[in-house]
Amino acid sequence: MKKINLCLTVCLLGALTSCKDDDAEVFNKKEYSAATEEWYPGGKNGTVFIDNSRAYRQAMLFIDGDAQLYKSFMRGEALFEKSFVSTENAAYSGLGPVYIRKSCIACHPSYGGRSQRVDKLDANDSRNGYLLMIYDPATPNLALAGKYFTGMTQTRAVPPYKAPINEEGIRLEWLTCIDEHGNKYADGTPYSEGTSYEGTLIYPKITIDKDAILFKDADFDGGVGNPGSKYAASIEATIGIYGVGLLDAISDEDLQAEYAAQQARGYCQGRIGDVIIESDPSNPFPGGHPGRFTYLCTRGTLDNGPGSNAIWNITNVTRPERQYHYITEEYARVTSQDAEVQTALGQSETEIFNHLTSRTLPVELPLEDYDAFMVWHRALAVPAARDLDDPQVQHGKTLFMQAGCAACHRPSWTTRSNYSPMQQLAGQKIFPYTDLLRHDLDMIEPGRVKVCRTTPLWGRGLMPVVSGHSDKLHDLRARNYEEAILWHGGEAKECKEKFRNMPKEDRHALIRFLESI
């Protein structure tokens, strides 16, 4: 990494055309007089000019200039990549008793370039970054089945413990959909023309067998997601993690101003996240903050965001501010009453229950390691834009704006003037193409994500290079940019219809623009 960034610095300052080392290749940045700033979607401090398979894992340039930051970044990177184990007193110990994955990278393959659509939920499948949620579709807010399951449902356990749901009983089907236009554009061209899936749209359906569920209550007599079942299941793919420090550096005031402006305009009126109270002593932004992270905007700051929480709740590895297991009390009750677990552990029901529900467990991830992880998390750079001077790309940007896409995919923000966790991210003009608000896209069977946060578009065009695929949307139903647009309904239906009615050449130009930013 150090060689890459030093090479890049020379490239930019010395106006060289290219630079290579063993790890990456820096591509040539041309000047684009109409939008010079847009070459730097992560701002001048948060952008790297690398467009190969390592594009999503680069440190921001200033990391190399500070020995302590560099050391912390590299330690944080190791914590992201390594698998935790259940063996006591070993390196990276603390896994379990139940867990979702053994490592961060298992949920974020290719450093958050998106997991890949799969046909079976298997935590050992390196392509699979899906998270499973069990919820009650009869409730107004699609409440999670919180008595039984954690928000992200565990499907793995360290023996003799048993997972709340056995993966072998989870059924994932991909169903086909024909829209009101017969899956064709206004000019008669089928959707995704020329692909093996030409003229089709697909969406997932999840069901869970009754016998795969640890809890034997009557609530699960019909399993999950089956006709007559009380509960339904939703899958959500992990999202990109580069640039999240910059999103965190946007002020609450600017986010609230964007929300107010959308309410005033009368269309595409996004919903701001609920205020979340930050109470961890280490959080640099204590108090209440509107949610901006996750598909449902359920996290208000990066220090209580998906990464900060996931390194604990995905693995169940404790740290000073999380000295307890990520489980439900019902799981602890059922497990402590299991005769097989009692025999294997040589402990009584009370002993097992008290251990599982303890709030003062030994620390497994020291605070200094967690702090290093957050340096890495905050300082992952955004890949630079590409081909912005190409006439087709410029035309595509014009079409993107004319179609109204920027109503939700707000092109740019300027980060706050004082960002205490990492001052280098302050005052940066960034181009994430998101409003950080939630919108109703009226998709068929979206699971819990009926009203979804606008996904940042920066860097997404490199997914085929970094991740080897282009699956998109919260459940990866879209197999390319084209389908991602075509699944837009509800608040975005008018924009989708403008795209549908464009000539083929214009549709291709708009997608070229998306691939470039």
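Q: Which residues of helix H8 are buried?
A: In this predicted model, six of the eight residues of helix H8 (residues 329–336) are buried, so the helix is largely enclosed by the rest of the structure. Packing against these buried residues are strand S4 (98–99), helix H9 (339–345) and helix H10 (349–357). The buried residues are Glu330, Tyr331, Ala332, Val334, Thr335 and Ser336.

Q: Against which helices do the buried residues of H15 pack?
A: Helix H15 spans residues 493–500, and its buried residues are Cys495, Lys496, Glu497, Phe499 and Arg500. Their packing partners are helix H14 (481–486) and helix H16 (504–516).

Q: Which residues does Trp376 touch, not counting residues up to four places away in sequence?
A: Trp376 is one of the residues that touch the most other members of the largest nonpolar core. Leaving aside residues up to four places away in sequence, Trp376 touches Phe73, Gly76, Glu77, Phe80, Tyr111 and Ile241.

Q: How far from Glu236 is the nearest side chain of opposite charge?
A: Glu236 lies in strand S9 (residues 232–237) and is buried yet has no salt bridge. Its contacts, not counting residues up to four places away in sequence, include Tyr130, Tyr295, Arg448 and His474. A salt bridge requires a side-chain nitrogen within 4 Å of a carboxyl oxygen, whereas the nearest side chain of opposite charge, Arg448, is at 4.6 Å.

Q: Is Tyr203 buried or exposed?
A: Tyr203 is part of strand S8 (residues 201–208). Among the residues it touches, not counting those up to four places away in sequence, are Trp174, Ile444, Arg477 and Trp487. The cut-off for burial is under 20% relative accessible area; because its relative accessibility is 13%, Tyr203 counts as buried.

Q: What type of aromatic pair do Phe285 and Tyr419 form?
A: Phe285 is in the loop between strand S10 (275–278) and strand S11 (287–290), and Tyr419 is in the loop between strand S13 (413–414) and strand S14 (429–430), so that the pair links parts of the chain 134 residues apart. Both Phe285 and Tyr419 are buried. Their ring centres are 5.8 Å apart with 25° between the planes, and planes under 30 degrees apart give the class: stacked.

Q: What type of aromatic pair do Trp312 and Tyr326 form?
A: Trp312 belongs to helix H7 (residues 306–313), while Tyr326 is in the loop between H7 and H8, 14 residues apart. Both residues are buried. The centres are 5.3 Å apart and the planes are at 65°; with a cut-off of over 60 degrees, the pair is edge-to-face.

Q: Over the ring of which residue does the charged end of Arg507 sit?
A: Two arginines may be considered here. The charged end of Arg117 sits over the ring of Trp174, 5.8 Å from its centre. For Arg507, the charged end is 3.6 Å from the centre of the ring over which it sits, that of Tyr185.

Technical notes. Residues are numbered from 1 along each chain as its sequence is written. This is a predicted model: local features need pLDDT of at least 70, side-chain atom pairs count only at pLDDT 80 or more; totals for chains, interfaces and linings use all residues. Side-chain values use heavy atoms; hydrogens and water are left out. A nonpolar core is a set of buried Ala, Val, Leu, Ile, Met, Phe, Trp, Tyr and Cys residues joined through side-chain atoms within 4.5 Å. Buried means under 20% relative accessible area, exposed over 50%, partly exposed in between (1.4 Å probe, protein chains only). Contact means heavy atoms within 4.5 Å. Helices (H or I, at least four residues) and strands (E, at least two) are DSSP runs, numbered from the N terminus. Lys and Arg count as positive and Asp and Glu as negative; His and the chain ends are not counted. Rings of Phe, Tyr and Trp (its six-membered ring) pair if their centres lie within 6.5 Å; planes under 30 degrees apart count as stacked, over 60 as edge-to-face and the rest as tilted. A charge sits over a ring if NZ of Lys or CZ of Arg is within 6 Å of the ring centre and within 35 degrees of the ring normal.
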